[in-house]
Amino acid sequence: MATRWFGAPVQRSEDPRLLRGKGNYVDDIDLPGMLQAAVLRSPHAHARIVSIDSDPALSLPGVHLVITAADLGEVLEPSPLLIPHSALTQPRTQLPLALDEVHYVGQAVAFVVADDRYIAEDALELIDVEYEPLPVIHSLQVASADNAPLVHTDVPGNVAAHFIQNVGNPDSIFASATHSIHETMSIERGAAMPMECRGVLARWEAHESMLTCWISTQGPIPIRNGLSAIFHLPEHKVRVVAPDVGGGFGTKIMLFYPEEILTPFAAIKLGRPVKWIEDRRENFISSNQERGQTHEVEYAFDDQGVLLAVRDTFVHDTGAYTPYGIIVPIITACSLPGPYRLKHYYSEFTVLYTNKVPVSPYRGAGRPHAVFVMERIMDRIAKELNMDRCEVRSRNFIRPDEFPWDVGFVYQDGGPTKYDSGNYQLGLDKLKVLLDYDNFPKLQAEARAQGRFLGIGVGYYVEGTSIGPYEGGSVRVESDGRVFATTGVTSQGQAHATTFAQIVADQLGIHPSEVLLTEGDSQSFNWGVGTFASRAATVAGSALHLAAVKVREKAKQVAADLFEAAPEDIELVDGKVFVKDAPHRSLTLGQLAISANPLRYAYGENARQLMSMNLAGPRQGPALPAERGAPGLEATEFYSPPHASFASGVHGAIIDVDPKTGMVSFVKYVAIHDCGRVINPMVVEGQVHGGVAQGIGGAFYERLVYNEDGQIINASFMDYLLPTSAEIPSITVDHVETPSPLSPLGMKGAGEAGVIPVPALFASAIDDALSPFDLRVLEMPLHPCRVYELLKETQSI
Amino acid sequence: MQEQDETPTFSEVNLISVTVNGHLYERQVSVRMLLSDFLRHVLHLTGTHVGCEHGVCGCCTVLLNGEAVRSCLMLAVQSDGMALTTIEGMAGTNSELHPIQQAFQEKHGLQCGFCTPGIIMSVHAMLHENPNPTEEEIRHELSGNLCRCTGYQNIVEAVKLAAERLHASHMEVE
């Protein structure tokens, strides 16, 4: 093969369109006759709805429809529980519109459709809802208190789920351990905050009984399946498209958000296209959030710094509902052991309801919490034994010859938490070199002499990625020679149009620019799940690889007949198909595609040229021989991973802390990343950069503050601080490549990785910087005032 | 309870004439329509995006008489008689990307692409003011635009590259 595209930093084919402002995000689509919707949201975190009067709103000129729960008929059903679990004994999912009680500020109460959004929002002001406020659970602490008020009156103790997993015999280890420590660690809520908020555009075409929805989502096919059931339409009469999506980070994989049902409901009822676009205020109070957990962790270790056992009991804040089951805390439990040989591990968690926005995965999905806990443990062991922090980690690493390594817990997908490959010491070695770790004490001492407080921190993680159940891919060569590839996943910035094209191009001997990818359109590919859990590149990429392999084999078969040669002697190079050692007599892929479709009527230049070539005529018998299967050069394949594959990485940073203000700035940041075989290093490094930036946000800038009334008091970009270019440092990225033995191309997922170890390393670095004050960080995120407070607390002791 | 005559209708419309990317548009617009909505939904120039509607994220940045402004913080009627440039006006009519856009592709300065048009417009204004910015100046200037995907690093690299190339070709950022 002339060129291998897999592994090359191919520039993105997506970019020219996006750079010209020719992207196609949901709100960019305006249809003739389209109306606009707005949602009336609960101003109370917990209240009974006494009455709703929407008549004044309906009489406002320009208003076409006002929907309350009472108007929804049989559509008034709770959303499906996406991932049931036997430990989730009290699942609750929300109605499209609240019926008699609201459970969080932002819950949808009424839906207004008008000529434009301005009028729709005017109409919201005219809807009169009488609420009777009820007691509010605004925190895990309040939710778990004795005799706490109830978020859902029929859920005792606010407990949605309680789950225990255990491996080995931790109790006996603790009984005889030389060292054991108990600490409380907590991590507070943050939010995904994609730059494009959510949005839905629905069109009902009565003449075809066809519903089309364009949704800013990470999972159009599951939404298509659901809408088909809700509206009693055949699946092929519902088309759901995720057009360009302006970032997702997990918050857009949820279904159903109420507007995904209400917008098509209104479009069907009115017979006109209806669009709803979430604004940023709504995004803060109605798009799912994550992170809130408090851990009570005990750990036992020996004099050599070897971690012997962990008992971790934590509470997890699921908000008002459990749309996504208990996936997030399960991931936390399974991710806690990280790269370490932890053989005795007890994990118990309780999922609690609160009167807050529901929780579903946000980039990292339970892992930053787990890594924070485990890496804090490693740092503490080092401190207790007066050892180097990296040395303690090295002593506990799973060695390269110990794979596959089974943690012993059941993972989020129901499969084993079984690490397929890795080389953790190699990653740490690379990090230490790039951070100049061994020289840091000198640098630190010099800085201290000048009154500056530098600190160094590291954070190691192992991340289960590339989960099933499956994805599919279809590859077809068209008569003009261009290759169409399609799959059921979506892209919200991951460059699939480029990376998947690289995979397909390698098999067909063409340039990636000749592969055109369509994804996120249920009418283009019928099967699939979506882009989340760092799975799309591995799972859908493998499916497309398998399909492309099949197309190549078929191309060889067809060409062998035409050239009267053996299929194994056919080569596909630079867009040409020929018999080995005889490239002077060749066909283009387009010409071959025409030959593979035995029609009498072929059009275009390729067909004319084909006629003039002196090729073998059709064989006797059927025009489409049985061994050829379908006409054309086309194949569809599916890939279903045996279980998750486990990526890993270690990040380190040097920070500068000002003890007078609590302000922290980054001096240096290094990320070592292992996602198995890399399709496109430029894209993977971009993913790591972005993840780190979100991690830094979640460690020092972003924190959702709910007050006692359950109101988010910083629900704007003025108050909830997304980090900017001025806060995020330059990041050095290097790779370790331990291929996954599970998938045909050896990839592992890369999307979430960057965010995962940041809180852990940030805490590590703060402790180190402020070691003269004997500070230990046990909570995330921090902010300057909090660093200052923690410092004051140590001084007052 | 609201009095009937206070019911907000905002029915008043004004005729405005605005030059956008060199074309003169005359339109009747509601007095309360945001400039961002006017560009997107009246002129169908949907490359200008709306990410927060409170002037922080910078996705809606356009050039107003050459100066970078947030189109979500202005009313359309306030732009009457003015000249605007949006992302659609950057590359001109030929098929080549503007050097700033080209640098963003080469340096992988975008992922989902939603913040990108606003950032390109801000960078355009930045390089006009300061054709040879240091990394610190670039990071400071870019801090008025939020990006949730890239971690900014490749955006900074793209700006450096664009500045170098524009400088080398003695091409003024208009």
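Leaving aside its neighbours within four places in sequence, which residues is A:K550 in contact with? The partners are A:A635 and A:E637. Contact here means that the C-beta atoms of two residues, placed from the backbone, lie within 7 Å.

This is a predicted model, in which local features need pLDDT of at least 70, side-chain atom pairs count only at pLDDT 80 or more, and totals for chains, interfaces and linings use all residues. Residues are numbered from 1 along each chain as its sequence is written, while chains are lettered from A and ligands numbered from 1 in the order in which they are written.

Stay with A:K550 for a moment. A:K550 sits in helix 15 of chain A. Helices (H or I, at least four residues) and strands (E, at least two) are DSSP runs, numbered from the N terminus. A:K550 counts as partly exposed, because it has 18 C-beta neighbours inside 10 Å. The scale is simple: a residue is buried if 20 or more other C-beta atoms lie within 10 Å of its own, exposed if 12 or fewer, and partly exposed in between, with C-beta atoms placed from the backbone. A:K550 and A:E402 are 148 residues apart in sequence. In space, their C-alpha atoms are 35 Å apart.

Helix 15 covers residues 536–563 of chain A. The helix lies across strand 22, strand 23 and strand 24 of chain A. Relative to strand 22 of chain A, helix 15 of chain A runs at about 120°. Such angles run from 0 to 180 degrees between N-to-C directions, and the axes are lines fitted to C-alpha atoms, for helices over the stretch in contact.

Those strands form an open sheet of three, in the order 22-23-24 (chain A), with antiparallel pairing. Strand 22 (570–573) and strand 24 (582–588) of chain A stand at the edges. Each has a single partner strand, so one side of each is left without a neighbour in the sheet. From one strand to the next, the twist averages 35°. Two strands pair if DSSP finds at least two bridges between them. Strand 22 of chain A and strand 23 (residues 576–579) of chain A have four bridges, in the antiparallel sense. One bridge joins A:L572 to A:V577 in strand 23 of chain A.

Chain A holds another open sheet of three strands, in the order 4-2-6, again with antiparallel pairing. Strand 4 (101–102) and strand 6 (128–133) of chain A are at the edges. Each of these has a single partner strand, so one side of each has no neighbour in the sheet. Strand 2 (residues 47–53) of chain A pairs with strand 4 of chain A over two bridges. There, A:A47 has A:V102 as its bridge partner.

Now step back to the domains of chain A. The bounds come from an automatic or database domain assignment. It gives domain 1 (31–134 + 197–246 + 252–286), domain 2 (293–396 + 403–467 + 642–796) and domain 3 (468–639). The C-alpha centres of domain 1 and domain 2 of chain A lie 36 Å apart. Their contact takes 25 residues from domain 1 of chain A and 21 residues from domain 2 of chain A.

Helix 18 (residues 681–701) of chain A has 21 residues. At 1.5 Å a residue, it should span 30 Å, and its end C-alpha atoms are 29 Å apart, which agrees. The expected span is 1.5 Å times one less than the number of residues. Helix 18 of chain A is mostly covered, with 19 of its 21 residues buried.

Turn to chain B. Its secondary structure comes to five helices and five strands. Along the sequence the pattern is β-β-α-β-β-β-α-α-α-α. The C-alpha trace of chain B spans about 60 × 35 × 25 Å along its principal axes. Of the 174 residues of chain B, 54% count as buried.

Chain B is assigned domain 1 (11–87) and domain 2 (99–168). Their C-alpha centres lie 22 Å apart. In chain B, 15 residues of domain 1 are in contact with twelve residues of domain 2.

Finally, the two chains meet. The contact takes 49 residues from chain B and 45 residues from chain A. On the side of chain B that touches chain A, helix 2 (99–106), helix 3 (116–129), helix 4 (135–142) and helix 5 (153–168) of chain B each supply at least two residues.
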